[in-house]
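Thanks for coming, everyone. Let me put the model up on the screen, and then I'll walk you through a few places in it.

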Amino acid sequence: HFDSQRVKLAASRAQTPLSIAQCLRLGDSLGTKSLLKNISFLNRELPVRFSKRIVELRNLPTELRKTEPFMSLVQNYSASFHELQSYSDNSRLCEGIDLEDNEAMQRTIQREYANLLQRVTNRHKQDVVYMAHGISLFKRYQLDRNRPSEEIRHFLNSFNRGRLGIRIMIGHHLALQRQLLFPNAPPASTTNSKRVGIIEPQCDIEALIMNATQSAQFVFFHHYNTVFPPHVHLEHSKELGGKMVRFPVVPALLHHILFELLKNSMRATAEFHGLDKPSYPDILVKLSTTPEGNLSIVIKDHGGGLPQRQITKPFDYMFTTASNTVCLDFPSIISAIESKPQTSATGENLPLCGFGFGLATSKLYAQLFGGDLELQSTPGYGTEAHIQMSRLEDQIEQFTDH
Ligand code: W6P
């Protein structure tokens, strides 16, 4: 019917890939003009991206599509698609009106669009919870209950990648809008120098690592009831000669990756050596830049490693190395997921492990702008996680596996 035709039409158009450079350019001369320009870009782009997510959901096997959580997902994506599409249709009607010196109109559009994006953001806060819940209900239809089929994994990668792109676009626009309204607002984080939207053009990577370390240690400490977490030792590569590493990143994404990996290393270390030990071997973090100028972070633990046949498993959705006793019930995860521990910390119900989406998602985050995340494990000894981020700011968004 009519609705479904609109979704199909929008989904038939191509997504415009993002790049850090393009996001930074928006902030070059941050003003009403650049924000309005971005609104007209998002007016075209967001309906396309939302419609593609709807199509992905509709193409799922019936048993998964018909679960309650996935019905809710489709409903939410449809609601957002229609809201964004109607706004886009309406603003096209206004294109005849000369906005140049109509400041009141310019302000109205900015406010309306920011409100719209905020509503959409709120509507999708629980997406991951719905996904995990739906997949867990679907598990009984799977041959291997501990490993989603190729089809489901492909869906989750593609859907999460798409969702991430949308989040970046919306988050960046809202952050720019805030910066325009409140240029002197207090910095959002300790690594903040001259942020452009959600991007830190010259992020202090060392500070970011220390921040993620503290978050992971905090969660560890609460999870194991005052067992002291392993120490994290940060090491600069010799070529850097103690120089500070400054690199353009989306700090929230790199923080998520580091936090996820450090948590895994801490848990593996403690469980391998025993929770009653007075101290643990350090976790080593090696920070360097590659000959090509890319950023490289290696996190090395002495947590006993993974058997060779399990080396790809941590990247599986719903995979967890944790024993069943530490897996949490849904409500407590819901309250903690996707909120940063340092801001949501009440000391209760902080999950050290969630749905097992953490590492799979981290890999997508790393790959978004041409980076990667890989694990190397020495069974009986420990694990090394290798993160690479591309130096090229004009590296464009990757929509598929490479
Ligand atoms: C482990 C398992 C793992 C996954 C991800 C990162 C680090 C580690 N260490 O033993």
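**Around the ligand, and beyond**

Let's start with helix α10, residues 251-273, which gives the shell around the ligand its largest share, 4 residues. Helices here are DSSP runs of H or I with at least four residues, strands are E runs of at least two, and both are numbered from the N terminus.

A quick word on the model: it is predicted, so local features need pLDDT of at least 70 and side-chain atom pairs pLDDT 80 or more, while totals for chains, interfaces and linings use all residues. Residue numbers run from 1 along each chain as its sequence is written, and side-chain values use heavy atoms, with hydrogens and water left out.

So who sits around the ligand? The residues are Leu261, Asn264, Ser265, Ala268, Asp301, Leu359, Leu375 and Thr383, counted when a heavy atom lies within 4 Å of it. By class, that shell has 4 nonpolar, 3 polar and 1 charged residues. (Ala, Val, Leu, Ile, Met, Phe, Trp, Tyr, Cys and Pro count as nonpolar, Asp, Glu, Lys and Arg as charged, and the others, Gly among them, as polar.)

Look at aspartate 301: an N or O atom of its side chain is 2.8 Å from a nitrogen atom of the ligand. For threonine 383, a polar side-chain atom lies 3.5 Å from a ligand oxygen. Taken alone the ligand exposes 270 Å², and the protein buries 97% of that (Shrake-Rupley areas, 1.4 Å probe).

Now, salt bridges. How many does a search of the whole structure find? The search gives 15, each with a side-chain nitrogen of Lys or Arg within 4 Å of a carboxyl oxygen of Asp or Glu. One of them joins aspartate 127 and arginine 163, with the closest N and O atoms 3.0 Å apart. Aspartate 127 lies in helix α7 (127-138) and arginine 163 in helix α8 (150-181), so this pair ties together parts that are 36 residues apart in sequence.

That's my tour; over to you.

Note on methods. A polar contact is a pair of N or O atoms within 3.5 Å; within protein, one must be able to donate a hydrogen and the other to accept it, and residues adjacent in sequence count only if both atoms are side-chain atoms.
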